[in-house]
Amino acid sequence: MKNWPYTLFRFYVDGFKNMKLGKTLWLIIGIKLFIMFFILKLFFFPDILNTKFKTEAQKADFVGKQLIDRK
Amino acid sequence: MESLDYSLVDWSRAQFALTAMYHWIFVPLTLGLGVIVSIMETIYYKTGNEEWKKITKFWMTLFGVNFAIGVATGIIMEFQFGTNWSNYSWFVGDIFGAPLAIEGVMAFFMESTFIAVMFFGWNKVGKGFHLASTWLTVIGATISALWILVANAWMQFPVGMTFNPDTVRNEMTDFWAVLFSPVAMNKFSHTVTSSWILGAAFVVGVSSWYLLKKREVSLAKKSIKIAAIFGFVGSILAAYTGDGSAYEVAQHQPMKLAAMESMFTGQKNAPLVIFGVLNPQKKAYDDGVEPYLYKVEVPSVLSYLANKDFNSFVPGINDLMMGGFPTKDTYGKEIMALSVKEKMASGKIAVQALSDYKKAKAEKNDSLAAVSKSLMEDNYANFGYGFIKDEKQVMPNVPMTCYSFHAMVVVGIFFIFFFLYLILASSKGWIENQKWILRLGILGTVMAYVGSQAGWIVAEVGRQPWVIQDIMPSYAAVSSIEVGAVQTTFFLFAILFTVLLVAEVGIMIRQIKKGAEH
């Protein structure tokens, strides 16, 4: 087991190489994650509070005001 | 004063519901089929019979397809928290964040490590290590579900926190109260055991198709035997934990229970409706219209489900609106129930006190700040009612909640008898020749999905308008953004998830048609 990092590396490499259906599934996972993180998250789902404010106190004030205004 | 467009709330809710329901197509199959695959591999490990290895690998492939298509679909809901529900995300603070963070780390390390051994490790690691990896993958997925359900349960029954008016956040004061809240424990056990039913129904459905086609006969018969036993155990446990969930709903969300039964007038010895047709003319709680056109009831059973006492009083929607009946507070103390109008008055005091506290702090008036804080704390249990404009808003969609609840119960009862019959038919060797039960087996897969989705509709539609029970309604939780932006992303998600679902079903069908030899 002294060369375990290499054994582990080969385990994954051989596993990925010998995949059949797995290659299609990984392609789907890759496309899905790309759409989710590089299209949806980037262009459609900004974190409203992090985008508008820098400090925690500013965020707290904003949310507090929002709640008070909606009563 | 800000006036928010209610269509923004509706579209934000619709978008969250869409993503949650699509996500929930994949999750229960992972949880249920994962255990069945683990049991099958355990049999292979114990017997050394190569046929069980073949059976295990076949179902493991279908597990892998579902896992791959479904993985990370839940992250989209986290995107929505930051964009569509930013007030809520801030307001819940670390209470919601902590379980989700633990889930993220656990899911990543446990599932990604052991699932690799599960799929790549055949003939490369020892049989025992491979078996352990298979079990640990499904245990990891189940523990992931625990943290998500703990976060959800906290929204239904908020405990273990204190509201800090300076940070405008609910801060966790007791992690164990959040984790071990009775609502969380029941929700977790009921969700997991009902997912076992779905996994078993899926295995029975695919195996039934094989038997009807006279293909993979041995695999199908052996698989049905395992799935029927596992499904039967799951059905009994789901019924037991469902009873526990109903009790918790009665204690902490009585409006949801009343909506589940479409019960407008409360009573002692309250009956449980086992079949009924709702009256579409019933529009409001106080319109005097009978809620049912027709119903069949079992006397006193709802009283027992709600309070473990056949003679106990179960409040209806009208009682909850008008108050004035004996009940217990969060600490179990006997009190007279407040009307919704009284709660709204209390809630408005709490929100105004928060406003006064903020002003007093800004003006460095410590004595006024202390008085305002104390007033807010005294009324905090009704904080969310401060945002309610019309008392009728606290009544959820009764027909949707009621029909979903009864659909879930019917599906649950069906599976108890269905799996029991399958156990008998498998042991007697009848199963191959009874085409009706095989056709029912295929239909059962669809029924399991309907029941599983219906359960979540009960849980989530039934608790409206609350995002956090009594503390925050969806109206206060939603971000002030353009309705058009939410509509655009709603349709983007609808397209993305539909494509994923079509891909899953297509690949699954292709793999099933190939059979175990490939």
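Where in chain B is B:Pro465 found? Select B:Pro465 and you land in the loop between helix 15 (435-461) and strand 9 (466-468) of chain B. Keep in mind along the way that this is a predicted model.

Select B:Ser300, in the loop between strand 5 (292-298) and helix 10 (301-307) of chain B. Its phi is near 70 degrees, a positive value in a residue other than glycine. B:Ser300 is buried, with a relative accessible area of 14%. Then go to B:Lys308, in the loop between helix 10 and strand 6 (313-314) of chain B. Here too phi is positive in a residue other than glycine, near 60 degrees. B:Lys308 is partly exposed, its relative accessible area being 35%.

Next, show two helices of chain B: helix 2 (residues 50-70) and helix 17 (residues 483-514). They pack at an angle of about 170 degrees, and their axes are 10 Å apart. Angles over 145 degrees count as roughly antiparallel, so helix 2 of chain B is roughly antiparallel to helix 17 of chain B. To see the contact, display the side chains. From helix 2 of chain B, pick B:Phe58, B:Thr61, B:Leu62, B:Val65, B:Asn66 and B:Ile69. From helix 17 of chain B, pick B:Leu500, B:Ala503, B:Glu504, B:Ile507, B:Met508, B:Gln511 and B:Ile512. Colour them by class and you will find 9 nonpolar, 3 polar and 1 charged residues in this contact.

Now for the aromatic rings. Over all chains, the structure holds 46 aromatic pairs. One of them is B:Phe81 with B:Tyr88, a tilted pair with 5.8 Å centre to centre and 40 degrees between the planes. Both B:Phe81 and B:Tyr88 are buried. For a view that takes in both chains, select A:Phe37 and A:Phe45 together with B:Tyr22, B:Phe79, B:Phe493 and B:Phe497, which form one aromatic cluster.

Finish with two charges over rings. Centre on B:Trp90: the charged end of B:Arg169 sits over its ring, 3.7 Å from the ring centre. Then move to B:Phe264, where the charged end of B:Lys282 sits over the ring, 4.4 Å from its centre.

Technical notes:
Residues are numbered from 1 along each chain as its sequence is written. Chains are lettered from A and ligands numbered from 1 in the order in which they are written. This is a predicted model: local features need pLDDT of at least 70, side-chain atom pairs count only at pLDDT 80 or more; totals for chains, interfaces and linings use all residues. Side-chain values use heavy atoms; hydrogens and water are left out. Axes are lines fitted to C-alpha atoms, for helices over the stretch in contact, and angles run from 0 to 180 degrees between N-to-C directions. Helices (H or I, at least four residues) and strands (E, at least two) are DSSP runs, numbered from the N terminus. Angles under 35 degrees count as roughly parallel, over 145 as roughly antiparallel, 65 to 115 as roughly perpendicular and the rest as oblique. Contact means heavy atoms within 4.5 Å. Ala, Val, Leu, Ile, Met, Phe, Trp, Tyr, Cys and Pro count as nonpolar, Asp, Glu, Lys and Arg as charged, and the others, Gly among them, as polar. Rings of Phe, Tyr and Trp (its six-membered ring) pair if their centres lie within 6.5 Å; planes under 30 degrees apart count as stacked, over 60 as edge-to-face and the rest as tilted. Buried means under 20% relative accessible area, exposed over 50%, partly exposed in between (1.4 Å probe, protein chains only). A charge sits over a ring if NZ of Lys or CZ of Arg is within 6 Å of the ring centre and within 35 degrees of the ring normal.
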